[in-house]
Amino acid sequence: MSNRRTFAIISHPDAGKTTLTEKLLLSGGAIHLAGEVKARGQARRARSDWMKIEQQRGISVTSSVMTFAREFDGEEITFNLLDTPGHEDFSEDTYRTLTAVDSAVMVIDAAKGIEPQTRKLFEVCRMRNVPIITFINKVDREGRPGFELLDEVADALALDVSPQGWPLGMGGLFQGVLDFNTGAVSRPEGPSREFLGTREADAPIPEELAEEIELAQGGYPEFDEEAYRAGDLTPVYWGSALKNFGVEELIGAIAAHAPPPRPQPADGGEIGPERPDVTGFIFKVQANMDPQHRDRIAFMRMVSGTFRRGMKLVPSGLGKPIAVHSPILFFAQDRELADTAEAGDIIGIPNHGTLRVGDSLSERNDVRFTGLPNFAPEILRRVALVDPTKTKQLRKALDDLSEEGVIQVFYPEIGAQWIVGVVGQLQLEVLVSRLEAEYKVAAMLEPSPFATARWIKGPAEAQEQFASFNRANLARDRDGDMVFMAKSPWDIGYQQEKHPDLTFSATKER
Ligand code: G4P
């Protein structure tokens, strides 16, 4: 069990996540030619219309899983790499993905430093208590001085930073990265402009840098695995995904220090990987990956036990067992049938709507994992149909897409116009585009009178009383739960004061 490393790479768009992913897969022998991750991405895009948005915006909207293995010190380590959308508008999706990982690599563009989007992603990590390794990418480009960047990371992340190496120069004038742990210098392949003379393998480290290196080594906390795993310290690596150096050190660090499968929060206490029977939870559902087949895949993070193909598991939402006959493991180029899977692994389970995000799966239906919330939307829009005869298709589409977590849907108690809620603007574009491509529904989004939504919790009587007075501001979500549609934050405060026995919650456990 301890040889699994399940992690995500998070970064703002363009920091180099795709390039780094490719190099990691390459180093693990999972792919043989650089360029295949991109090529695969394009093939995938060609198959699915709505992913045009991905292409137009140069962002990745969907999360995927890739597995590869590699030997370190005579032990084979299996890496499960979960991709996350880089754009902050999809931070909810990122949050859910982070519930399924044990650690994260944060990629920062050396020239750009910490961007607001990166901050938001980091907050998401914090909420999940996911330990972070920082990789400062593109040190082959013109960039800022190293110290400034380190301090910026420390500040933005409110963490101790512990540099594990030092770039010997920055920008085109570049010699390599010195690894503090081995004393070795990792040098760029191929021709590049020379820095301070030579970049031969045994070239001495330029004297001009000696003082800087001493400061970098002495002026920051030493690496401390416990502090890293507790989320109090981030080790910092430098390199270039494109020129392929510093990447070895990074993957070595993940193998050596990133935590193996961690216990997961559940009703009645945490459940750890040492539990013998199979448990897991669904953190993502992706529909219509292949529009020809209307397929629907639920991604399950294994928390404990050894899964075997054909096994019967009980999804908490269903209450009766399903036989998992064709679980899928995801490799760089391929999907394969999974014969077995261990704690920490992610398997895809094809299904027709029986599995939902937030479902727990177990052999005996005795486990409920917690901590997969919906967040109160920050943007609400009314959905108007161009062709009013398409109501049924629209309802199905909105239910499906809210299931997937693309949007949230609210059905008002009064009136027929349905409302969708999102955390970021781009989600709306994905919605409209997918409605059209996958459900053949042309829809327009119109302003709604509401600013946000709150889930109402409390005694049934109090709920009913509240409802009878506020019908015009009430809606039901996809599960039929009661939601207060608020015109302003003030509105929420006011109602809360008036109804102390009710809670107006900004999140809802799925
Ligand atoms: P993302 O997934 O985080 O959005 O970033 P991606 O890997 O697509 O990289 C964004 C751009 O940055 C790409 O250039 C990529 O080649 C470049 N890049 C990534 N790592 C490095 C690095 O270490 N050094 C330098 N100099 N550039 C790097 P592009 O021109 O947008 O795309 P392409 O023409 O290379 O496909």
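Colleague: Which residue meets the side chain of Lys-508 in a salt bridge?

Modeller: Keep in mind that this is a predicted model. Lys-508 lies in strand S30 (residues 507-509), and its partner sits in the loop between strand S27 (474-476) and strand S28 (482-486), so the pair ties together parts that are 27 residues apart in sequence. The N to O distance is 2.8 Å, and the partner is Asp-481.

Colleague: Is Lys-508 buried or exposed?

Modeller: Here the cut-off matters: buried means under 20% relative accessible area. Asp-481, at 34% relative accessibility, counts as partly exposed. Lys-508 has a relative accessible area of 7%, so Lys-508 is buried.

Colleague: And which residues are joined with Lys-508 into one network?

Modeller: Salt bridges that share partners do the joining here. Along with Lys-508, the network holds Arg-356, Glu-403, Asp-477, Arg-478, Asp-479 and Asp-481.

Colleague: How many salt bridges does a search of the whole structure find?

Modeller: One of them pairs Arg-301 with Asp-102, at 3.0 Å from N to O. Arg-301 lies in strand S12 (residues 296-304) and Asp-102 in the loop between H4 and strand S4 (103-109), so this pair ties together parts that are 199 residues apart in sequence. Both Arg-301 and Asp-102 are buried. For the whole structure, the search gives 22.

Colleague: Going back to H4, how many of its residues are buried?

Modeller: Helix H4 covers residues 91-98 and is mostly covered. The buried residues include charged ones, among them Glu-92, Asp-93 and Arg-96. The count for H4 is eight of eight.

Colleague: Which residues does Ile-213 touch, leaving out those up to four places away in sequence?

Modeller: Ile-213 is found in helix H7, and with a relative accessible area of 8% Ile-213 is buried. Its C-alpha atom is separated by 8.5 Å from that of Gly-165, 48 residues apart along the chain. The residues touched are Trp-166, Leu-168, Leu-178, Phe-180 and Ile-205.

Colleague: Last one: which residues gather with Glu-222 in a patch of negative charge on the surface?

Modeller: Glu-222 has its place in the loop between helix H7 (210-218) and helix H8 (225-229). With a relative accessible area of 70%, Glu-222 is exposed. Gathered with Glu-222 in that patch are Asp-160, Asp-224, Glu-226 and Asp-232.

Key. Residues are numbered from 1 along each chain as its sequence is written. This is a predicted model: local features need pLDDT of at least 70, side-chain atom pairs count only at pLDDT 80 or more; totals for chains, interfaces and linings use all residues. Side-chain values use heavy atoms; hydrogens and water are left out. Patches are made of residues with over 30% relative accessible area and no salt bridge: like charges are joined within 9 Å, nonpolar side chains (Val, Leu, Ile, Met, Phe, Trp, Tyr) within 5 Å. Accessible areas come from the Shrake-Rupley method with a 1.4 Å probe; for residues, only the protein chains shown count as cover. A salt bridge is a side-chain nitrogen of Lys or Arg within 4 Å of a carboxyl oxygen of Asp or Glu. The place of a charge is taken as NZ of Lys, CZ of Arg, CG of Asp or CD of Glu. Helices (H or I, at least four residues) and strands (E, at least two) are DSSP runs, numbered from the N terminus. Buried means under 20% relative accessible area, exposed over 50%, partly exposed in between (1.4 Å probe, protein chains only). Contact means heavy atoms within 4.5 Å.
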